[in-house]
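Thanks for making time, everyone. Please take a look at the structure on the screen, and then I'll walk you through it.

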Amino acid sequence: PVEDSGSPSFRQLTAWASLAIFLQLALGAALRHEALNILPHLVGAAGVCGMVGWVVLRAMRSLPEQKPLQRLAVLLGVLLIVQLALGGVSYFARLAHTARPGPGIDETMIWTTSAHVAVGALVLGTSWVLTLHSWRRLSPCRAASPFHSSPQKSPA
């Protein structure tokens, strides 16, 4: 395995990104079931964008020899862009639906919200796969670990 240098390590960064995405999905569920307003979900989305952007940049800059990790990181970034677009369309479709008087089901709102939920699951799954692959393909940086020391020569 290739040494995982940098602070935080790429392995740690992907794990934290996966956690942030998981928490964001929980915020989205709370919004969808009207337990929260939109603000926490938007703040969470900004945090996830920052984490995923950092993951993609680190993969492309620091891991040129790790093409599988780079491909997964780029896929994660592309899925996140799709997710953001679906979230915006879903939110404005819901606003348009609630502004119209009368009963009825708005198919656009249902389809975009369902797609937003499905792509959110793909984002989380892709992040988990990237995290697992990074832990498998990269080894901890020896210089950063207090438990690894270089062998010392004994005096002759």
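Let me start with a term. A salt bridge here is a side-chain nitrogen of Lys or Arg within 4 Å of a carboxyl oxygen of Asp or Glu. By that rule, the count comes to 1 salt bridge. It joins the side chains of Asp-106 and Arg-100, at 2.9 Å from N to O.

A word on what you are looking at. This is a predicted model, where local features need pLDDT of at least 70, side-chain atom pairs count only at pLDDT 80 or more, and totals for chains, interfaces and linings use all residues. Residues are numbered from 1 along each chain as its sequence is written, and side-chain values use heavy atoms, with hydrogens and water left out.

Asp-106 is buried, at 11%. Arg-100 is partly exposed, at 47%.

Next, the largest pocket. A pocket is found on a 1 Å grid over the protein atoms alone, with a 1.4 Å probe; it is an open set of points with protein on both sides within 12 Å along at least five of seven lines, and lining residues have an atom within 4 Å of a point. How much space lies in the largest pocket? About 840 Å³. That volume is the space filled by probe spheres set on the points, with grid points joined across faces, edges and corners.

The lining has 31 residues. Gly-28, Leu-31, Ile-38, His-41 and His-116 lie nearest the centre of the pocket. The elements giving two or more residues to this lining are α1 (10-32), α2 (38-62), α3 (67-99) and α4 (107-137). These are DSSP runs numbered from the N terminus: helices are H or I with at least four residues, strands are E with at least two. Which helix gives the most? That is α3, with 10 residues.

Now the lining by class. There are 17 nonpolar, 11 polar and 3 charged residues. Nonpolar covers Ala, Val, Leu, Ile, Met, Phe, Trp, Tyr, Cys and Pro; charged covers Asp, Glu, Lys and Arg; the others, Gly among them, are polar.

Stay with Gly-28 for a moment. Gly-28 lies in helix α1. Gly-28 counts as buried, at 9% relative accessibility.

Trp-16, Leu-19, Phe-22, Leu-23 and Trp-128 make a nonpolar surface patch of about 560 Å². Patch residues have over 30% relative accessible area and no salt bridge; nonpolar side chains (Val, Leu, Ile, Met, Phe, Trp, Tyr) are joined within 5 Å, like charges within 9 Å. Areas come from the Shrake-Rupley method with a 1.4 Å probe, and for residues only the protein chains shown count as cover. Helix α1 gives the largest share of the patch, 4 residues. Leu-19 is in α1, and this residue is partly exposed at 38%.

Now a backbone point. Most residues other than glycine have a negative phi. Glu-34 is not a glycine, yet has a positive phi of about 60°. Where is Glu-34 found? In the loop between α1 and α2. Glu-34 counts as exposed, at 72%.

Met-60, in helix α2, is 9.1 Å from Arg-71, and they are 11 residues apart in sequence. Ser-114, in helix α4, is 8.8 Å from Ser-90, at 24 residues apart in sequence. Val-2, in strand β1 (residues 2-4), is 22 Å from Leu-76, at 74 residues apart along the chain.

That's my tour. Questions, please.

Conventions:
Buried < 20%, exposed > 50% of the residue type's maximum accessible area, 1.4 Å probe, protein only.
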